[in-house]
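Subject: Handover of a structure and the findings on it

Dear colleague,

Please find below the structure that I am handing over to you.

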Amino acid sequence: MILTHQYGSLILLSLLALHSCNDGIQGCLDKQRVMGMLRQMEKFLKAQEIRFTEGLRIMKSKLASLQNSVSTFPQADQFLSSSPCPALEAPAHGRKFGSKYVVGHEVHFACFPGYHLVGPGTRVCQENGSWSGVSAVCKDVSQCASNPCLNGGSCVESANQYKCTCPYNWSGTHCQHQTQTAPPEWSVVNDPAFSRKPRCAKVDQAQHCSCDAGFHMSGTSDSSICQDVNECELYKADSSGLLCAHMCVNIPGSYRCSCPGGYKLLADGRSCEDVDECLTQQHNCSHGTTCVNTGGGFQCVNPECPRSHGNISYVKTSPFQCERNPCPMESRTCPLAPKTVSYHYISLPSNLRAPATLFRMATAAAPGRSGPDSLRFGIAGGGDARSLFVMQRSDRQTGELILVQTLNGPQELSVDVDMAEYLDRTFQAKHLARVHVLVSPYEF
């Protein structure tokens, strides 16, 4: 630093000397002497530049050596991410749920209607980079096993479908219709309320008769009559679809649609919508019970908290939730029991298309407190109903209960799903949700 300061003073002195000489001042320094000082300063600066560049190169080399030394420490491996498991494919004639292939994550499998799953329905990515269990397959279920052909018909299977060979005097996809040798099914006979006289007129010496809309001509040319067309029967056998969502009622010259009890007819005249008896106060639930709307009706429920056992007990904090009482300090089993138990009632139409998301479970941290950094979801109970559902993560803080098979009503199912919270890989708490699925007998 002192040397640099001296050279700076030397440059300043040289500049002043040159300036004095240019102004004609006596006693100025010799020009050659000034140029000599400038060359010395130039050499000094070059030497400083080389010394700085070499020092920077040495520092970079030492930093690279230090990084290589740290990467060889044995404990450095624990910070590397675990090797992912190989991608899994959905089984033929089935579906796969889950797209993450890292340690601890699950992939679920389900089969299309007409097939059943052989093998594990769930596989877990293990720490060694392999999947638990073996590959599952979907095997064909015999469609003739349910005897779909009626009235003595024979069932013949083909690829993913079947066909009924019907005996004499029977027809239809299931041999359900008797062959007509008389007036067709959609013609109403022997009822004066459903008959009309035709409108006739003579044109060019010939008589022409016609019927009103909703009637058809029947009989001979001499004794013709207009008989009602039963639109309900006519369109029942038509591939274009039913006239009504529920029940078709034939009336003279037309038809009307009706809905079952607990449903109302919509403005389109054919669709039915459930009446929410709970919302409209059309229920008779007593005090202490809660009204739950179902397809076509309602239920009065009063879910009870789990029974106390040992030092584990619960208190009801709302009509549909119970919370565990504080655990004794010395208890090891109490903290493992569910911290909260909630009850949920879900109403579904019959034959709902699967897969369908029924229920979501999430966590939220209290104000001022950090939440869990990891969640695990699973199906805790449900008996035979467990095969109808899968529980999978939809994002970092949410799990979804998914129906993977269609359900025919009426029926009621129950399944328990739980959510475990972890912080720094240490178990914190568990929450249990008891989901009651109420399937309506109707497809609307």
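The notes below set out the basis of the values and then the findings, grouped by region.

The model is predicted, so local features are reported only at pLDDT of at least 70 and side-chain atom pairs only at pLDDT 80 or more, whereas totals for chains, interfaces and linings use all residues. Residues are numbered from 1 along each chain as its sequence is written, and side-chain values use heavy atoms, with hydrogens and water left out.

Overall composition

The protein chain contains 3 helices and 29 strands; these are DSSP runs numbered from the N terminus, with helices being H or I of at least four residues and strands E of at least two. Of its 444 residues, 28% count as buried. Here buried means under 20% relative accessible area, exposed means over 50%, and partly exposed lies in between, with a 1.4 Å probe and protein chains only. Among contacts with a separation of 6 or more, 43% are between residues 24 or more positions apart; a contact requires heavy atoms within 4.5 Å.

The sheet S24-S27-S26

An open sheet is formed by 3 strands in the order S24-S27-S26, with antiparallel pairing; two strands pair if DSSP finds at least two bridges between them. Strand S24 (356-362) and strand S26 (389-395) are at the edges with a single partner strand each, so one side of each has no neighbour in the sheet. From one strand to the next, the twist averages 30 degrees, where axes are lines fitted to C-alpha atoms (for helices, over the stretch in contact) and angles run from 0 to 180 degrees between N-to-C directions. S26 pairs with strand S27 (residues 398-403) in the antiparallel sense over 6 bridges. Gln392 stands opposite Glu400 in S27.

Aromatic pairs

A pair of aromatic rings is described by the distance of the centres and the angle of the planes. The rule takes rings of Phe, Tyr and Trp (its six-membered ring) whose centres lie within 6.5 Å, and calls planes under 30 degrees apart stacked, over 60 edge-to-face and the rest tilted. By this rule there are 6 aromatic pairs. One of them joins Tyr422 and Phe427, whose ring centres are 5.8 Å apart with planes at 75 degrees, so the pair is edge-to-face. Tyr422 is buried at 16% relative accessibility, whereas Phe427 is partly exposed at 26%. Tyr442 and Phe444 make a stacked pair, with 5.6 Å centre to centre and 10 degrees between the planes. Tyr442 is partly exposed, at 25%, and Phe444 is likewise partly exposed, at 25%. Tyr263, Tyr442 and Phe444 form one aromatic cluster.

Tyr422 also has a charged residue over its face: Arg376, at 4.4 Å from the ring centre. The criterion is that NZ of Lys or CZ of Arg is within 6 Å of the ring centre and within 35 degrees of the ring normal.

Thr340 lies in strand S23 (residues 340-348) and counts as buried at 15% relative accessibility. Its side chain makes a polar contact of 2.7 Å with the side chain of His431. Such a contact is a pair of N or O atoms within 3.5 Å; within protein, one must be able to donate a hydrogen and the other to accept it, and residues adjacent in sequence count only if both atoms are side-chain atoms. Neighbours within four places in sequence aside, Thr340 is in contact with Gln321, Cys322, Glu323, Lys430, His431 and Leu432.

Glu443, in the segment after S29, is exposed at 56% relative accessibility. The C-alpha atoms of Glu443 and Ser350 are separated by 4.7 Å, although these residues are 93 residues apart along the chain. Not counting residues up to four places away in sequence, Glu443 touches Pro349, Ser350 and Asn351. The side chains of Glu443 and Asn351 make a polar contact of 2.6 Å.

Backbone points in loops

A cis peptide bond, with omega about 0 degrees, joins Ala354 and Pro355; Pro355 lies in the loop between S23 and S24. Another cis peptide bond joins Gly409 and Pro410, also with omega about 0 degrees, and Pro410 lies in the loop between S27 and strand S28 (411-423).

Asp424 has a positive phi of about 55 degrees although it is not a glycine. Asp424 lies in the loop between S28 and strand S29 (426-439) and is exposed, at 61%.

Yours sincerely
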